[in-house]
Structure formats: structure tokens, C-alpha cells
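Thanks for asking me to look this one over. Here are my notes, point by point, to read beside the model.

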Number of protein chains: 4
Amino acid sequence: MNNSIGNIYRLTSFGESHGPAIGGVIDGMPAGVAIDTDELQRQLDRRRPGQSDITTPRKEADRVKLLSGIFEGVTTGTSIGFIVENSDQHSSDYDNMRHLFRPSHADYTYTAKYGLRDHRGGGRSSARETIARVVAGSLARQALAPAGITISAYTSRIGDIAIDRPYSELDLSLTETNAVRCPDPEKAAAMTELVRTIRNEGDTIGGIVSCVIKGCPAGLGDPVFGKLQARLASAMLGINAAKGFDYGMGFDCAGMRGSQAADLFTTRKDDGAIHTLTNNSGGIQGGISNGMDIYFRVAFKPVATLLTEIPTVDDRGLPVTLKARGRHDPCVLPRAVPIVEAMASMVIFDTLLANRCSRI
Amino acid sequence: MNNSIGNIYRLTSFGESHGPAIGGVIDGMPAGVAIDTDELQRQLDRRRPGQSDITTPRKEADRVKLLSGIFEGVTTGTSIGFIVENSDQHSSDYDNMRHLFRPSHADYTYTAKYGLRDHRGGGRSSARETIARVVAGSLARQALAPAGITISAYTSRIGDIAIDRPYSELDLSLTETNAVRCPDPEKAAAMTELVRTIRNEGDTIGGIVSCVIKGCPAGLGDPVFGKLQARLASAMLGINAAKGFDYGMGFDCAGMRGSQAADLFTTRKDDGAIHTLTNNSGGIQGGISNGMDIYFRVAFKPVATLLTEIPTVDDRGLPVTLKARGRHDPCVLPRAVPIVEAMASMVIFDTLLANRCSRI
Amino acid sequence: MNNSIGNIYRLTSFGESHGPAIGGVIDGMPAGVAIDTDELQRQLDRRRPGQSDITTPRKEADRVKLLSGIFEGVTTGTSIGFIVENSDQHSSDYDNMRHLFRPSHADYTYTAKYGLRDHRGGGRSSARETIARVVAGSLARQALAPAGITISAYTSRIGDIAIDRPYSELDLSLTETNAVRCPDPEKAAAMTELVRTIRNEGDTIGGIVSCVIKGCPAGLGDPVFGKLQARLASAMLGINAAKGFDYGMGFDCAGMRGSQAADLFTTRKDDGAIHTLTNNSGGIQGGISNGMDIYFRVAFKPVATLLTEIPTVDDRGLPVTLKARGRHDPCVLPRAVPIVEAMASMVIFDTLLANRCSRI
Amino acid sequence: MNNSIGNIYRLTSFGESHGPAIGGVIDGMPAGVAIDTDELQRQLDRRRPGQSDITTPRKEADRVKLLSGIFEGVTTGTSIGFIVENSDQHSSDYDNMRHLFRPSHADYTYTAKYGLRDHRGGGRSSARETIARVVAGSLARQALAPAGITISAYTSRIGDIAIDRPYSELDLSLTETNAVRCPDPEKAAAMTELVRTIRNEGDTIGGIVSCVIKGCPAGLGDPVFGKLQARLASAMLGINAAKGFDYGMGFDCAGMRGSQAADLFTTRKDDGAIHTLTNNSGGIQGGISNGMDIYFRVAFKPVATLLTEIPTVDDRGLPVTLKARGRHDPCVLPRAVPIVEAMASMVIFDTLLANRCSRI
């Protein structure tokens, strides 16, 4: 259970940071989807470290090898196995961590759960694990694209710098034009400057990724435990460092009245389609998409790896001092954007397939 | 999939608001748990409408009938079937809604998905569905209690009135002493007053439920897609009207630095146990419980049913005016508290059982 | 897991023989299926004890109450809860069995697994549990019927009396014309006579049920672990007293050569459809239906309850003598026929729904 | 779903015969199992083609690469990814089959289901897919061994040559001493001779594999849909070419009386343990293991690939003549033995883990 996500379109992933490879198997991809491997690699490149001066300087090629399930460029309906080999591993950077518990990492909890752990580079808890998600998400996105469904995430806040306009007033095509992946150029510049400052101090900083899904038909999601928002929340909280999820009006709803929050229905003049005048619901009502834009946010904590000396304990409970030597991001937000998109793509595609069985 | 939750301890529920009964089947309850049916009924009574002047005046006895899986007061390891009969149904209250789509309800999306719906009382989308959750949650809680695990939710905000102290400074035993289920007596009084005012205006109001889980051992949760926070998020976003979830420092993490957020490890003087000095992690690191209190919040939107006239459309897209005649809560928060506890109980128990297989 | 079957069309059942009711929840039934409750009751009546002089004289009305998921005669896409109340229980018949282990029953293994058991009437291991299967199977069959898919099981062997012609030479409409449910009238008469003799001796007898599924389109089943024959085998071996399953040429294949076993392809003159000249494959190749009749057999052991005195041990391991006082079938075959049909109906419908996702 | 097996110990496999690799991910392996990679490779070698003159002359090294989940020789509790590279592929052998449907193969059904297929070497339907099963089964067996659970399969019949003694009278340590994996030396010699004759005729032959599981504790399996025999049947019928499964007295039960079939309980003199005098139940009662040997059989059809000219049709329905040029086994039985053991190992280990949750 623990390494799989999805019901019909299902990824099962594997791999530790300092093992031979990260990879996975995608089950449930329908036959007949044309796969663009260059586009797949582009998505992996967006996740890759070393893209700019504000991400970790680790250099990983992260070339994906597709091992099955695709024949002459088209999916065959059989499972898709893939691997991305690990490289540029500095395992010795982690020798001093074999018996230490880094604060706010998974070192202690893995040991508590399993009785042992692969301490090198965080092992399975490394962010390299998200490579498998980007592969499965990118293939899902390629299956969704012909249906006109697009998934666009962006950095909406880093530290105290936040976009102060609704997504509908942003030009989302600008997201990829800067290192922080913020579609508001002025905010992007300020965020970049902030991350540089933080990095130079050996510190890290948190933020928020927002995501908009356009073109999603009404009817996706199940009404009780498989609510679309529950599936999205589960996927998003499954990303390392994510601390919160909300959709539509989100946490702001706590201060709102029903008369403010209600999304009134109306009929579109041109084609008679029913839609809502406002979208406080974030495109989901009663757990099911209503055809409006789906909108949600994910909060990310600051990376726990600090480059300053910090006190901790070892696995005997004795006090020790830790000085991290690995190479880390001062802010995960820019690299979290493609991961949020990947997870959302998987959820939407999985739900879209499930919906084929909603009527006889 | 859509009506089941849990992997090992699994509830599958059924029932519409105006059908003969709400019920479910619990699979995976281990043998040997002593069941207190009075305590089970007490939990259902906490969820029940008509408890105070600020909840809906509907009167439902909500007596649970346990149909299997318990023999001479003890679980047998077989599945537990149960029903709660519906009563005090005013189905004719809903006749005018057969062809209407109420704003911010599930009417439109059910019709879009299934092509038809049971319109009476919201059908399957009615909050009565949560009865099954309270039954399964209460039984899980009874299984957890002997292990010293307690789950305490409370209303921490309604509208603009919010508790301004951390949970650790509250006396959670006060939660049940007032109608809004807020453990801060002054805030509780103000919240109650606010809800009365809102109700008298025919309006509704949102809020936040907070939840604390104490006594949870380290090691629960799976590190990748089955992260404990992902399971909690999925369970909480599966509750009607929930719009957001966060845990530990939650959305506040967006403005924090790593040096502020890190939970430093230390060793307890008396027993040498490793724990953290702070708990920004909310009791979960790397997706796995670390033995500290688990702390999370759930945001609830204002109830969508307004008692004023509002414009909407019918299933042909024609404009109509809606005047709700049903009996509804002006604020779901008080009744959401036991549901949040029920969902959390199920998740923790399910994860606790799964953890039995983490080591050979 | 243990009380659920099916992936998309999924039954979760509950209920002990001497508890208040047997029942279940069906999840995944698509919206829009017209339900004939008389037909549903007819299927339950076929399973019911007391139908003839060669079945148990217990009298159970076995009236099903549908509690949800159907509105104005049509499925709504929400889960279908149902119960059948228990009656005519002679619990005191079983008092002497509280501490005994009946040979070849589940008494010992339940106690070994769970540490306790409901001993009355076999508890959960009672054949009454199959009521839930017949309900879910009958609704699946009603969903399959408009697609022209029919499922016909029949008794092909009891003791040494076996039908000696292939199913294609039988008139399956004769199955319901006799008490043993055998479509060969001469064999049926001999079987009936045999069962009467066996019953009079206080003994029981085994046999074989054969099943033919007609009208199943090519393409159902998954090629690796979800092979259609694996799903059918799992469903059939999940029936009490089933000891074996084979399909197509079945166990006879062990003595065959490839040149004998091959089903050669040809093209139908009238419509050009590809089909096979023979059907040793039993309608399934590579785990996927090929459009030919699906044909399989299930072997049932003789009922373990004997009405003679037999030696056994109690739960302390001490020798005791058992004299069963319950009312039991001398031969399960006649009542197994509708259960085999029900299980097959569920498997085929589940697989048919899953197949909607095989192509983009 | 289609490429996964198991609930807690779960294999998800991938790979086509003529793609770059076969592989899989094992999820749910507990931490702390010492892994012997030489033993793992030995099991793969037992499955490998080219072991003797009566198996296919294809030469495949089939070296497994473990990619994750094992650290310093011990499982870590994280998922285990693995691949076995394909080699010695004669893809051009299959060029003439791109548009043909080979009789009794999966060519037609894959095309019917997916609209396209990888025709080279059978693609996903190739027996090479079982490599992944042997890897996962061997690791499960290594986890079971310290608990004293052994799984021994053997060829009990080929064509008309069958072992005529119960397994308890055989010396199972002789199974690996001959090419057909039959523990009865005389029968083994006759079987070998038969297979040689069949091979020289360009024909193939079917048979039966029997399997005995010793040391399995009482209590494994779930009583309703997860019966141990249902899990075994599903696993066995998921093997290519398997046509039937039975356990204990199996299909012979059809001719038996209850008084013959009952396994009487008794108490062992030395330790007071309850067991049965006979084992017609095959070690499983009420779906749950009873501590006796588990015994079952699997029937395998003759390989469908014949080396003579046979008529068939192409994908337009036109008649063509097929002359297979691939290299194939005249009899799958010898190589099926380790696969049956692998599947049984997975089922028993999965069930053993699940049983940890049967009591509080």
C-alpha cells in the first residue's frame, strides 16, 4: 500500500537516494496513448536539481529509461516499468549521519518504525523519490492533453512575499520565465532575491504552491470517501515537506457567511451550459467536479537541512552536534511546482478513468 | 471504492437521507475487543441534530443496531454490519427541489455524474451519511483506548472568533460543556452568541475544528504515498463542507525559516526517551508518527442551505427562485467535532494495525 | 479485505447464522440500471432451504430489504445496502457445540485464528452467508442481461452419477425442472434417488456444478494477475465446500497434446467474425475472454455435518462424541447452482466495467 | 490491478519478452529479513530456459538486479525494485506474426482488448513475465524459512504418466534430481522419455504440478472471500497455461460421502496438540489453515506453440498458414514447478502477515 497511489491509473514506486536507481511501475494506463518521450524528459528536467543558482548544486542527469508498456511510440495497455539511474552521489557526505537523527527529518521515525534505515542521503525519504511521480504524472498529463485538460501550478508565496491577486488575473504562461516559477514578474524577482539571501545565511524558507486545473469535465470524483478534494489532498500531503492543503475559498471559509460563499448558478448565453457566477467551491461540489476551474493550494515548510551547526541526539539518545555537508535547496518551492502538477495529473486522470463506470 | 475508507480497518457505508436507513459494514476489526454499546450511542448522540438551540431542530433518535461481528459483548473478527433507521423525514419539504440545483450543494454535480439523483434531503450527499462514520470511528476509538491513545477535537474558530492560545494551554475536558464544543469558555460564549445572531438572520457561518491525538506511538504511517498526514487529510477532506487541512505549523510554515521550524531532539531525563523540544512537525516526520502529540486543523465552510430566497436554475437551465424549507444548522462546527474525532480514530487504528507488519 | 469481493463492482458482506440479519453493501453499481425486485427475490428463493424433500427442512423466508442506492426503481450510482433478517433459528440446537470442534467444519480454525467464535449455527461460516452473494449476483445479472450476457449453472455430477455429454448438447432450460437442478432428465432422476438414499442413511454426498456464460464479449479480464480464470477461480473457491475449479478442457488437459488442444481460428461466413472451431480454451485465452462460451466446473465436497454419532475433541483437546442436531442438506449441489451463478455474475460484471478503461 | 498480486506483500510486475527488461516492485516486505542473493539467483536458474535437453534451447542469463529496499544485506521495509534484462532475443523470429493470431495464444484476445499488441515473442503474455514472480516468491520464501514453513512443488503427471502414490509416500528431496522435477525416479524416467518423443514429433504435452506446504501454522486465511484456497487458486490460475486447481481431496470429492471425507480430530500424545487423523481437507477448513500440510494441484495444458504448419487467420480474418520459428518448450511442467512454488510462497507470506491483525 505504502508505495502505490491511484486506483485505476496506479503508480508503484521504489528507490533510495543512494541506491542504483529510482523507478516505478505504472499500471492501468489505457492502450492507445501516444507518448512523447522528449516531453517526459522535459518534465523531469523541471524537477531536476541544479537548474538555477537558487537550487541545490547537485548535478543529476535524471534520464528516464522506459522499460515496457510502450510499443512503437504508443501505450499497449500493459504496465509501464521505468528507471532513472542515480549518479553524482556523495555517499560519504552522510557517513556521520549513520547514527544521528537530523531534526525534522525522517531519520528518527524510520528507525522507530523499521528498526534500521539506509542513512545515505535520506534513503527512501529523499526528495529523489519524486522522480517516479514526475514520470507517472507526465504520462498522465499526456493522456489528458487531447481532452483539453491542463494543469498549471505556480509558486504563489515564499516567506512573506505573496501574490496578492487571484489566479484568474495572472498570466500563467509566465511561470516558467523565472527561477522561482512565479507568474507575477515583480513578485518573482522579490522571491528570488529573498531565496538568495536566505541561502547565503545557511537557512531555508517555506512557501505556497497554487494549482489551477482547467478543462476538467463535470462529474469527476466520488461522493463519499473518494471525494475529488480528498484525493487531491491525499496526493498533495504525500509530497515531502507539504504541511497543508486547501481548495476553493479554503481556510478563508472559516470567516465567511453562507450568503457570501454561495456560488450561484446561471446559464451561459451562447450554449446554454450551466455554470456558477463565482467559484468559491474551487470547481468541486459534493466531492465531484462541477466543470469550473479546480483551484487548490499546498503549503510547504522550509527545508529541514540547515548548513549551520545544530544540536541533536544519536540513536543511543546521547547529545551530538550536527553539521550537514550535503547539498540542499534553500527553498523547495520552485522544484515543488512540477511535482504538484504531476500529482494533480495522476489524480485527475485516475478519476477520469473511474468515471467511465459511473453510468451503465 | 467510493463508499469505503481504510485499508485494514475498513468502513463501507450506505444510505440516503430519506431512505429506510443509514448503515455500513466494518471489515478488519480484530477479534477480542470489548464493545461498550452505551458509549457508541453516546458518540452518535453527540453527532445527532437537535442537541441545542443552535443546531437544526430535526429530531432523530439515531439508535444504532449492530447486526453481526460481536458475540457476547466482544468482537469476533468477522465483519460488523450496522444500521440506523431514518425517521422524522419530511420528504415533501424537498418536492420543489426535484428539478432545481441548490447553489453550493451536490445537486448539480450528482446529476452531471449519474444522470439522475435522489433529491430528497440531499440523498446520499446528506450529512446523515456521517452516522456510519461515527459508528466505525467510535468502535475504533474503543479499540484504541486500552492502548492509551486519545483523540480530542474541538471548535477553535467560528467566523471571526478564534481561540488565540495553543492547544497545550487549553483544558480540553471543557469541550463538551458548551453548545459549540469550544474548550475556551469565553470564546465559547462569544461563538454561541454569534451563531444565534447568524441563525436569526437566516444565514450560516464557517469555522475551524482542531484535533489533538495523544499517546500515539512512534512508527505509524507509511513513508511515501501512505504518509500519516496524507491519510488524515484524505479522511478530513472527505467530510462534507471541509475546505482545508493542515497539521503542525500548517499554513504558517509558508512564512517560516528552517532555523525557526526545526524541532530539535532531546532525551527525557526520567526514562531516556527521545523526543522533540518543540512540535512544529505536529507529531509526524517523514510521514510517520514520532511519538509527540499529533495536531491538525480542518476548515469548514458555512452551510450552503440559506433560509432566504435565492436565484438558481433548474435542470433545463431555466432561472428559478429557491426558498429552502428544510431544517438546517446555522453552523456545522459543533456537530463536526465528533465526526473529525471519528475519522481520526479510524485512520489511527487502521495505521496502527498496518504497522504490525512493518518488521519481520 | 476478507469480507469484500470485486474491484469496481464490489460486495462487502456481513452476518452470522444466528445473529439478527445477513446483509451487505454493494459499491460500484453504475447509475441507470432498472432493478426488478421480484426477480431478485426469485434468485434468493432458489438458494433458500426447504425447497424440496432433498434439501434441509429449515424454513427461512429470506426476504431481502433494499436500503439504499435505488430510487424509483433505478440504481442511482450510490452504494446499495441490504439486509435479510434471520428467522427460524434453533440456537439451542448448537448449545452442545460451544466447546466442540465438528470434523471438517470451521470450528477449530476460527478458534485458532480469532481465539473465540460464535458457535451458533456455524456463525459466520454458515452457508447463510451466501445470501449476500445471491443478492449482489442477482443485481449484477440484471445489469448484464440487457447486454445479452447469460449465466447458466447446473448440477453435472452427484456421487457417481454424471452427465456424459458436453454442455452444448444439453437443453439448459431444463435445469430448473427438477430438484437437483440437472438439465439431463434421466440423470436428474438418478441423482435425486441417490440423494434420497444418502439422506436416509444420515450421510451426505459431493458433486460438480458446471457453468456456461454466453454472450460475453471478447476482451474481458487482465492478462497477468487479473486473468479472467483467476478471478473466476477465486470467486468459486470462495464458496463453502468448493474443493476444485477448472475451465475449458480443465484437468483433462494433463493428458492432452498441443496438437489436440489447439483451438483453430476461422472466420464466420455470415458476418466475418473471427472465432474458434473448438473451445478447449473455455472461452478464455491469455487470461482474456475471446468471445466464445466461457465454460468452467466447480467441485463440491459432501456436507461435513453427519447425523450419525462421530468422535471428536473439545477445545481442551479432550475426546468427546458429537451427535449433530441441526437440520442440514444431504447434498449442497442443488442449492450451490444459484450461488455459482451469482459469483460468476459478479465476476463478469466487475470485469466488464473494468474493461471500459482498457483503451483511451 | 492487473499487474499486481497480494494485499500486504504485493508484487507489481512489468515487462515484455522483447523489451529491454522484465521487472517489478515488491511492496510490503517487512524490515529485518536477511536476503541471500545467491539463493534468489538459484530460484531464477530453476525457471530459466535451456536447463536440459527437454526445455527450450533459448539461452538467457536472467541475472537479477536488486535496485532498492535492501541495505547491507537486510530488507529495510521500503519497496524492492528489481529488473532482469532481456537478451538472446530473436525478434525477427516473430516478424511473420505481427498480423497473425496464433491458435490458443493471447494474440487475438490482446488485440480484441487493447486494439494493438507487441507481437514480438508474445509480448506481455510471454512466460518470461514469470521471472518477476520467481523473484518475489523467492524473497517471500526466504522470509518464511526461519518460521519453518517449506513449500515443495513437483511434477506429478505428464501426459498419461502419473505418480500413483500420495505425496506423503514420496521423497520430495528427489525432485531436483531429474529434468522433469518428479520425485518418483521411475516415473521421472518415463516422463522424460515421453517429453523427448513429443518434442521430436514437434508436438507438446500437458501435465499436473502438485504442491505441499509444511509447517504452516493454523489460522491463515480469511473466512469469506479471502479464503486461503481462493487466494491459492487465484495465484495458480494466474500462471500461463494453468487450466485447473484443486486442493485436498479435490475433484475426487465429487464421488465421496461425508462419512468418508470427514477428517476426525484427535490429540497428539506428546504435546497435546489438536490435529486431524486424515487430511482430506488439504490443510484448510472454512478457508483457514488448520496446521496440517497444505496440499493442492495445478493442471497445465500443453504448450500452444507447435512446430508444425497450422492454419489460422490474420487480423483481417483471412486464412493463413503459420509455421512457428521460435524456440519453445515441449512441456512446461518442469519449469512450472518453481513458479508454482513462487506463487504459493507469496500467498502464504501475504496471508501470514495479514494474520497479525486477526486479534487485538
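**Notes on the predicted model**

1. In chain A, strand 8 and strand 18 (residues 309-314) run antiparallel to each other and are joined over two bridges. Two strands count as paired if DSSP finds at least two bridges between them. Strands here are DSSP runs (E, at least two residues) and helices are runs too (H or I, at least four residues), both numbered from the N terminus. Within this pairing, A:F101 has A:V313 of strand 18 as its bridge partner.

2. Some ground rules: this is a predicted model, in which local features need pLDDT of at least 70 and side-chain atom pairs count only at pLDDT 80 or more, while totals for chains, interfaces and linings use all residues. Residues are numbered from 1 along each chain as its sequence is written, chains are lettered from A and ligands numbered from 1 in the order in which they are written, and side-chain values use heavy atoms, with hydrogens and water left out.

3. Back to the sheet: it is open, has three strands in the order 8-18-19 of chain A, and its pairing is antiparallel. Strand 8 (100-101) and strand 19 (319-323) of chain A are the edge strands, each pairing on one side only.

4. Which residue does UniProt list for "binding site"? The unreviewed entry gives A:R47; such annotations may be inferred rather than shown by experiment, feature names are shortened, and positions follow the numbering used here. A:R47 sits in helix 1 (residues 37-47) of chain A.

5. Is A:R47 buried or exposed? A:R47 counts as buried because its relative accessibility is 1% (buried means under 20% relative accessible area, exposed over 50%, partly exposed in between, with a 1.4 Å probe and protein chains only). Leaving aside residues up to four places away in sequence, A:R47 touches several residues, including A:D62, A:R128 and A:R335; contact means heavy atoms within 4.5 Å.

6. Helix 5 (residues 228-237) and helix 7 (residues 333-354) of chain A have axes that come within 9 Å and cross at roughly 145°. Axes are lines fitted to C-alpha atoms, for helices over the stretch in contact, and angles run from 0 to 180 degrees between N-to-C directions. Among the residues making the contact are A:L232 and A:M236 of helix 5 and A:M343 and A:V347 of helix 7.
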